[in-house]
Amino acid sequence: MLSPVLTGLLANRRSLLNQHVAAARQRWPTLDTAAFSVFVAQTLDPLCVALAAADEAAMPAATEVAFELGLALVGQGLAGPAARLPWVDICWQQLAEPAARLIAAAPLETLGALSNAVVRMHEVPGVRVDAWLQRMRALAARCDSTVQLRSVGALCAWQAGMAHLRVAALAQADGLPPALAAAALGLEEADWPAARKQLDGARWWHPRGAAAISQGQTVGGFTGLGGPFATPPELRASDEGFIARSGERHFLLIADAFGGVVLPASAAEFAAARATPAAQLSFDSQGALIGTTRIRYAAPADGLAAVAGPAGIALYSPWSHQVRLLPGVA
């Protein structure tokens with residue numbers, strides 16, 4: 001059952017909202033209006049209530065924008081009960097209250113930014129969208145603008161496993177109030193200057209006290225099981241990370257203390273990358289070691305290889321579709 005707030009709005013603006021629905025059905029002929037009705041009840045309604053509590057005067061116009069954006073998201077299969085991912089609905093539901101002031105002030109910009117963030121994260125295997133939402137619930141109310149919300153979102157997305165956002169997220173952190181930037185990293189404001197300096201040059205350092213995990217990050221996998229690699233990859237090091245060649249395809253592998261990602265790359269990037277052996281890593285009959293630390297890796301010791309670069313060490317095998325990315329220096 002819809003709240004009285006949304007029920008009244010739908011009644012007062014019925015003609016205009018019906019025009020939005022008609023226009024959406026022309027643009028997306030397969031739009032499921034029954035699914036949109038569920039979206040209205042489960043996702044738009046709590047947002048409308050939160051907007052009314054935050055800014056009653058801005059609520060009608062902001063809810064209308066959310067209604068129209070919701071039509072587009074349901075029409076594209078990104079929201080509603082038949083969506084191909086759950087995160088847009090969950091994002092709106094969980095962040096409606098903490099982000100209500102920002103949504104009321106700039107509904108399209110704010111809801112668009114939040115929706116785009118979870119869609120992008122969902123598309124990158126291994127990224128922890130639920131962890132991003134948990135941190136954003138605690139931080140959204142502290143943001144004074146959608147610009148700040150975007151910057152905090154980037155910091156949280158990086159920490160949720162979007163390792164390729166590291167440099168951009170830290171740059172955006174520099175534009176935030178120190179207390180907010182520190183909170184996004186789980187730190188006290190007084191600790192932010194030293195942590196920010198440390199983060200600049202130490203990708204495997206964890207700002208909340210967890211030293212670089214000796215076992216690193218595992219990325220990749222077989223295409224038949226949803227991974228990126230059709231054949232066990234060959235690795236070379238680049239300045240940013242590692243370039244993998246698997247069959248006729250090439251990939252960029254990036255990892256740090258928070259996670260690892262596999263992105264598209266080119267044959268030219270692979271050719272330009274370096275096949276520098278990892279001097280810090282040694283092998284024995286049981287597998288690989290860094291000093292006295294044994295690296296757990298689900299592949300036979302026979303054929304193990306490793307390359308090193310500015311981003312660390314990549315351990316790989318002709319018998320595995322997975323790659324272990326580790327702390328270290330060339």
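Student: Leaving aside its neighbours within four places in sequence, which residues is F67 in contact with?

Tutor: F67 is in contact with L10, L17, H20, V21, F36, V40 and L44. Contact means heavy atoms within 4.5 Å.

Student: Before we go on, what are the ground rules?

Tutor: This is a predicted model, where local features need pLDDT of at least 70, side-chain atom pairs count only at pLDDT 80 or more, and totals for chains, interfaces and linings use all residues. Residues are numbered from 1 along each chain as its sequence is written, and side-chain values use heavy atoms, with hydrogens and water left out.

Student: OK. How many residues has the largest nonpolar core, and which have the most contacts inside it?

Tutor: The largest nonpolar core has 89 residues. L47, F67, W92, W132, V152 and W158 have the most contacts inside it. A nonpolar core is a set of buried Ala, Val, Leu, Ile, Met, Phe, Trp, Tyr and Cys residues joined through side-chain atoms within 4.5 Å. Buried means under 20% relative accessible area, exposed over 50%, partly exposed in between, with a 1.4 Å probe and protein chains only.

Student: Which helix gives the largest share of this core?

Tutor: Helix α3, residues 33-54, with 10 residues. Helices are DSSP runs of H or I, at least four residues, and strands are runs of E, at least two, numbered from the N terminus.

Student: What lies apart from that core?

Tutor: Another core, of 28 residues. A244, Y297, L304 and L326 are among them. As a general point, nonpolar side chains tend to be buried together in soluble globular proteins.

Student: Now L111. Buried or exposed?

Tutor: L111 is buried, because its relative accessible area is 2%. L111 sits in helix α7, residues 107-122. Leaving aside neighbours within four places in sequence, L111 is in contact with L47, A66, L69, W92 and I103. The C-alpha atoms of L111 and L69 are separated by 8.4 Å, with the two residues 42 apart along the chain.

Student: And T110? Why does it count as buried?

Tutor: T110 counts as buried because its relative accessibility is 0%. T110 is also found in helix α7. Not counting residues up to four places away in sequence, T110 touches L102, I103, T146 and L149. From T110 to S145 the C-alpha distance is 9.0 Å, across 35 residues in sequence.

Student: Switching to helix packing. At what angle do α9 and α10 pack?

Tutor: About 140°, with the axes 9 Å apart. Helix α9 covers residues 146-159 and helix α10 residues 166-173. Axes are lines fitted to C-alpha atoms, for helices over the stretch in contact, and angles run from 0 to 180 degrees between N-to-C directions.

Student: Which residues make the contact?

Tutor: From α9, R150, S151, A154, L155 and W158. From α10, R166, A169, L170, Q172 and A173.

Student: Zoom in on S151 for me. What's around it?

Tutor: S151 is in contact with Q172 and L176, leaving aside neighbours within four places in sequence. S151 counts as buried because its relative accessibility is 9%.

Student: Sheets next. In what order do the strands of the 4-strand sheet run?

Tutor: The order is β1-β11-β10-β9, in an open sheet with antiparallel pairing. Two strands pair if DSSP finds at least two bridges between them. The edge strands are β1 (217-220) and β9 (305-309), each pairing on one side only. Neighbouring strands are turned by 25° against each other on average, direction ignored.

Student: How many bridges between β1 and β11?

Tutor: They pair over 4 bridges, and β11 covers residues 322-326. V219 stands opposite V323 in β11.

Student: Which β1 side chains are buried?

Tutor: Q217 and V219, which point to one face.

Student: How many residues sit between β6 and β7 in the hairpin?

Tutor: 2 residues. Strands β6 (residues 281-284) and β7 (residues 287-290) pair over 4 bridges. D284 stands opposite G287, and F283 has A288 as its bridge partner.
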